[in-house]
Amino acid sequence: MAEITIDISVNHLWVLTSACLVFFMQAGFCLLETGSVRPKNINNSLIKNLIDCAIGAIVYYLIGYGLAFGDVNGEFAGHELFAAENFENTTIFNLWMFQFAFASTSATIVSGAVAERITLIAYSIYSVLFNAFVYPIISSWVWGGGWLYKMDPPFIDFAGSGVVHITGGVSSLVGIVLLGRRLGRFEPETVEFDDPLSRKRVRATISPEEFRPSSQIYAVTGVFILWLGWLFFNGGSTLAFTGSSTITAGKAMMNTTLGGASGGLIVFFLKHPLYDLIMKRKHIGPFKPKFDISALNNGCLVGLVSVTAGCANIEQWAAIIIGAIGGFAYIFGNMLGDKLRLDDPCDTIYIHLCGGIVGIILPSFLDQTTGVCYGSDGKQIGIQLLGMVAIIAWSAIGTLIIFGGCKLFGILRMPVYAEVYGLDLVDNGVYGMNVDLAAPKVEIIDEEISENEQMEDQTPEPSIKRQ
Amino acid sequence: MAEITIDISVNHLWVLTSACLVFFMQAGFCLLETGSVRPKNINNSLIKNLIDCAIGAIVYYLIGYGLAFGDVNGEFAGHELFAAENFENTTIFNLWMFQFAFASTSATIVSGAVAERITLIAYSIYSVLFNAFVYPIISSWVWGGGWLYKMDPPFIDFAGSGVVHITGGVSSLVGIVLLGRRLGRFEPETVEFDDPLSRKRVRATISPEEFRPSSQIYAVTGVFILWLGWLFFNGGSTLAFTGSSTITAGKAMMNTTLGGASGGLIVFFLKHPLYDLIMKRKHIGPFKPKFDISALNNGCLVGLVSVTAGCANIEQWAAIIIGAIGGFAYIFGNMLGDKLRLDDPCDTIYIHLCGGIVGIILPSFLDQTTGVCYGSDGKQIGIQLLGMVAIIAWSAIGTLIIFGGCKLFGILRMPVYAEVYGLDLVDNGVYGMNVDLAAPKVEIIDEEISENEQMEDQTPEPSIKRQ
Amino acid sequence: MAEITIEVSVNNLWILTSACIVFFMQAGFCLLETGSVRPKNINNSLIKNLIDCVIGAIVYYLIGYGLAFGDVNGEFAGHELFAAENFEGTTIFNLWMFQFAFASTSATIVSGAVAERITLIAYIIYSVLFNAFVYPIISSWVWGGGWLYKMDPPFIDFAGSGVVHITGGMSSLIGIILLGRRLGRFEPETVEFDDPLSRKRVRATISPTEFRPSSQIYAVTGVFILWLGWLFFNGGSTLAFTGGSTITAGKAMMNTTLGGASGGLIVFFLKHPLYDLIMKRKHDGPFKPKYDIAALNNGILVGLVAVTAGCANIEQWAAIIIGAFGGFAYIFGNMLGDSLRLDDPCDTIYIHLCGGIVGIILPSFLDQTTGVCYGADGKQIGIQLLGMIAIMAWSAIGTLIIFGGCKCFGILRMPVYAEIYGLDLVDNGVYGMNVDLAAPKIEFVDEDNNENEPSEDQMP
């Protein structure tokens, strides 16, 4: 065992404290997603977020950490340290905690994008493969000493705008495209299905008004937890707290805060005016969405995503600019997504993919060492673009195989009746909240005698009716 | 004042940071319990959890810390350091914070078990005596240098599977047995009582369908907070962060994570199949509880409990095994409890007592130093069993005196009408949530003219009716 | 760049960890407020709390930190370090994080007091000016090396009973007075207004029974988060963790815990008996408020506020006494406020102003170095009173200008119909929770044929 000096201890104290609070970001993602879905689907969201951690821990221990950090040395992936081999009597335990928390964060981003329609089986399969292969290999390229790190100058991604957020955002996009829209998301949709409750053929309609967040209180609490975690996510990425890291950690945190703040302000104040202007949106009724808490939430998050890659080596005004450009990327991404009718329950793509791209590109200009604005040649720009394309390609291919495979076997999306009744009732036999959820209106259509009869009474008594 | 070297500072920085985040576990227990009870009783649960901390702080300062750590030296309990005597100019302040957070955790475990029926008076009395005497004496045996620590080899309980969780679990069991079941928990029960609202004799019925958690969102958020706290609970128990503690802390945290993950997966995937198989459970209706978020919650928790005793000195595969066996202990404990019709609102006994026993026994085999699997003789097995029996006996006797005394004086359980109307309305005059809670159905039975008349209208307007 | 020794690293590690967890107190204040307001107004509360951090970060970076810590040296305010000038290569980044978290905490206190009636525009203006000028100048006096620090003996306010809490509490009081009561808070009130939904003249009534917290679960979770943050708020105020600070930080945390616990127990057990006794309160119905979770919440908070100024240099029994005095100050303050019919949705004044005053005054007696109980002359008493009055005056004047200006321009308070329909519907077009909120009952008053017809159906 190498001697543990006081400097090593202080460095690892910082890494370990940060690891734990980054892990706590899982609670933030969980609350953000649960607050954004319809009340009839909350159990499904809760399970996805919690099982993600449990599965992630086991597979990252068995496979992921080894692929990411097992003596990569410029190659494609690592080849040792699997299943905690040779951890004993080293400080790798502390680094494992930190990297596991990062892997889990990246994996859980996708959960919000595929909410309210994916099966738990498909999500569990995704969780295993993403934590074992997709994410670890990307992180080996950048942080494990892989080929992107060996570039000259090295690819800039201090705390993961690319490794964590583009990876999560691209995977979300693939998931959204393969899953398709939720029933009734953009206009009222009427479906017919064999109803397991009445054992008859029935018809039901879902309309867009149904899609309101279960509670913004959860979403905002989630944002606060994420912001707390993000400070340690970026500050902890120094992986040290002695010598100049003492300064870098604080600088990264201050830039993180300013980036998040600036993104939040831009989106909060400009999203709706720009929508009205560019998308020619019309409002019915006297009350327009002037001050929109979810714009503020998502704006803060996209600012935080954007500033993550550069935060350790930019000036403070630059952090504000990066956050603001991230905010605009979110707004225009959102417009494009709405045009294409992508159904993204938590705006995951616009936050993590759009924000991540801004975060990876801008440091080529604003980095204090190799940025073009500080007089360097533009070589960094090419390297950033190359790294970005590689990350996008690998995560797109990986997720395509995972979700595409599930689709092929027909286990990707919940059946129609589950979307009508709520995933919670179908999967768990009971809703996740003890409040009065409105029973879905379904009509029986294959029997002359009972045509048009309302059927709520046949839904299970304990789950639907007020107690 | 002894000189404070940099090493001492770093060690105490770790202890103090950990202490604060362990204290935050109170919020986790509070959310877990509040999410699991019926909405009409949430204020009662909130008060129990919060007053626990307030009372605990005062009595642990006055009595508890002295009994636990006041120069124990192999004896039954300590005899100095009461009321912070001689703390001045020492680092004991930091240790007090850490140990107080532990005592509070152990005390608050019981809150979930006695929920929805205990009086606040009885719970306050319990809180005073448990924090002053029951817990501190057990912790003096193991961590204060008491007789279990003086064994050769010493009793293994690194972070408290026994001291904290068996103590809390046994106290819960005693509380549950003395309090009895909640009205209508297992089959519909009809009671008659003198109604304070109508001042007449009335009859009411509570049936098992009423017992649904108020919201799983709170429960899962609670689990995430507990998991965060647990990392510091086990990692902080090194009480140092220099030299080899730098490694031990991270190892304890990694093992904690793996144990929790493995417990969660076992219970999530196997609880319902095993129930169907062994208990021959029949389901009515088409939707069965396949994916159950509370199984995942409780599985993670029992895994965390189990791995707590051994986490600093076991290998990673062993952590996974301990968590898994903890998961099975939870499942079979739960079956036994259901057979015996124990009414445990938060599955406290199965999590903390069953998990704690697994946690205490398995290190005799899997401990890297004295475990049988590493070639030691079996002496550790005997010591672990002895310590476990001693802890069970002391906590059972202590809680029996406390709750038994309350029962003798008739102040243990809330009156019947409070269980019908909700503890919140009776204790506070108002419900804790501004939502429409269904008024209980009560029938007047002592007047000819109004027999069978529904009485909801007489319950207080602001509290029961929707606004 | 000065050499970073291991001691400097450890000290800054402590500051930075504390700063982040203190920042997390924003979530606690947010949950406390959201849990205490009516469900129809939660979005407004959420936005206020989150935008506070966002605005605070930008203006504290541009102006606030410079005014507070830019070479103050006994003067009224600082004059450098604006917009992170000269931060590069220094550990000031870490201090900025810590001080920003404090400024945000002080600003957000006011949010609870002005809830359910202030416009977002007015709150945003307040947030800019408070974080830029009101709070930083007070903190420069005490912590930036300003005139209160240069007193002999220096003004005692270790972690901010005065700088943070009296400032926030005083600003709350001004906001509450200028805004006035919420409609129907103390007795049923009937108002007429031009209804934007039906485009007719309508009449509506709000009665006091409507004012119930949206959910105590949020409030209590908020208290736990605040308590966690408070430990680092007070413990982190050592700004170091080597040498004697290793002890002071733990001592401050232990005293903080004991103060909060004692305040909570006093208010929980004595508030309602004292109200019944002194205010001669009558209860209708059989169920009285015996055990009141809001009393426990607020009691713990007032205990924490009160112990904050002295926590680093008092004995443990003294922390318990200070917390208990804070609890009594809360109860009697609350009675006075109720008598004057102040409408304070989160009891902000009673917690932060009453608790802050107790916290500033009592260390003149109980401080282990300069307290009268330890044999010092009473000079500290005068200095504490002087500092307290200066803080109150500056924050009152500052907030008066901000909120008074907004009132002059008519942008301070939401229109009447917004209070009826809920601020969320009017500002955002949709409520913040996906539950069935009861539509307000309104009557048409300008048309004969449909007088008295309820119009809930016209809700979106």
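Author: Buried area is the accessible area, taken with a 1.4 Å probe, that two parts lose on being put together, summed over both. This is a predicted model, in which local features need pLDDT of at least 70 and side-chain atom pairs count only at pLDDT 80 or more, while totals for chains, interfaces and linings use all residues. Residues are numbered from 1 along each chain as its sequence is written, chains are lettered from A and ligands numbered from 1 in the order in which they are written, and side-chain values use heavy atoms, with hydrogens and water left out.

Reader: How much area do chain B and chain C bury between them?

Author: Chain B and chain C bury about 5,500 Å², and carbon and sulfur atoms account for 77% of it. On the chain B side, B:Leu13, B:Leu50 and B:Asn434 lose the most area to chain C, together 12% of what that side buries.

Reader: And how many residues of each chain are in contact there?

Author: Counting contact as heavy atoms within 4.5 Å, 65 residues of chain B meet 60 residues of chain C.

Reader: Which polar interactions does the rule find across the interface of chain B and chain C?

Author: There are ten residue pairs in polar contact, both residues being at pLDDT 80 or more. A polar contact is a pair of N or O atoms within 3.5 Å; within protein, one must be able to donate a hydrogen and the other to accept it, and residues adjacent in sequence count only if both atoms are side-chain atoms. By class, the side of chain B that touches chain C has 45 nonpolar, 17 polar and three charged residues. Here Ala, Val, Leu, Ile, Met, Phe, Trp, Tyr, Cys and Pro count as nonpolar, Asp, Glu, Lys and Arg as charged, and the others, Gly among them, as polar.

Reader: Which helix of chain B gives the most to that side?

Author: Helix 3 of chain B does, with 13 residues. Helices (H or I, at least four residues) and strands (E, at least two) are DSSP runs, numbered from the N terminus.

Reader: What about salt bridges between chain B and chain C?

Author: The rule finds two, a salt bridge being a side-chain nitrogen of Lys or Arg within 4 Å of a carboxyl oxygen of Asp or Glu. B:Glu88 and C:Lys251 meet in a salt bridge at 2.6 Å, N to O.

Reader: Let us turn to chain A. How large is the area buried between chain B and chain A?

Author: That area is about 5,400 Å², with 77% given by carbon and sulfur atoms. B:Arg212, B:Phe224 and B:Phe287 supply 16% of the area that chain B buries against chain A, more than any other three residues. The contact takes 63 residues from chain B and 65 residues from chain A.

Reader: How many salt bridges are counted there?

Author: Two salt bridges are counted between chain B and chain A. In one, the closest N and O atoms of A:Glu88 and B:Lys251 are 2.7 Å apart. A:Glu88 lies in the loop between helix 3 and helix 4 (92–113) of chain A and B:Lys251 in helix 8 of chain B, so the pair joins two chains.

Reader: Are those two partners buried or exposed?

Author: A:Glu88 is partly exposed, at 34% relative accessibility, whereas B:Lys251 is buried, at 4%. Buried means under 20% relative accessible area, exposed over 50%, and partly exposed in between (1.4 Å probe, protein chains only).

Reader: New topic: where does helix 3 of chain A bend?

Author: Helix 3 (residues 42–69) of chain A bends by about 65 degrees at A:Tyr60. The bend is the angle between axes fitted to the seven residues ending at a residue and the seven starting there. As 26 of the 28 residues of helix 3 of chain A are buried, the helix is largely enclosed by the rest of the structure.

Reader: Finally, what surrounds C:Ile109?

Author: C:Ile109 is found in helix 4 (residues 92–113) of chain C and is buried, with a relative accessible area of 3%. Not counting residues up to four places away in sequence, C:Ile109 touches several residues, including C:Phe29, C:Val164, C:His165 and C:His352. The C-alpha atoms of C:Ile109 and C:Val164 are separated by 9.0 Å, with the two residues 55 apart along the chain.
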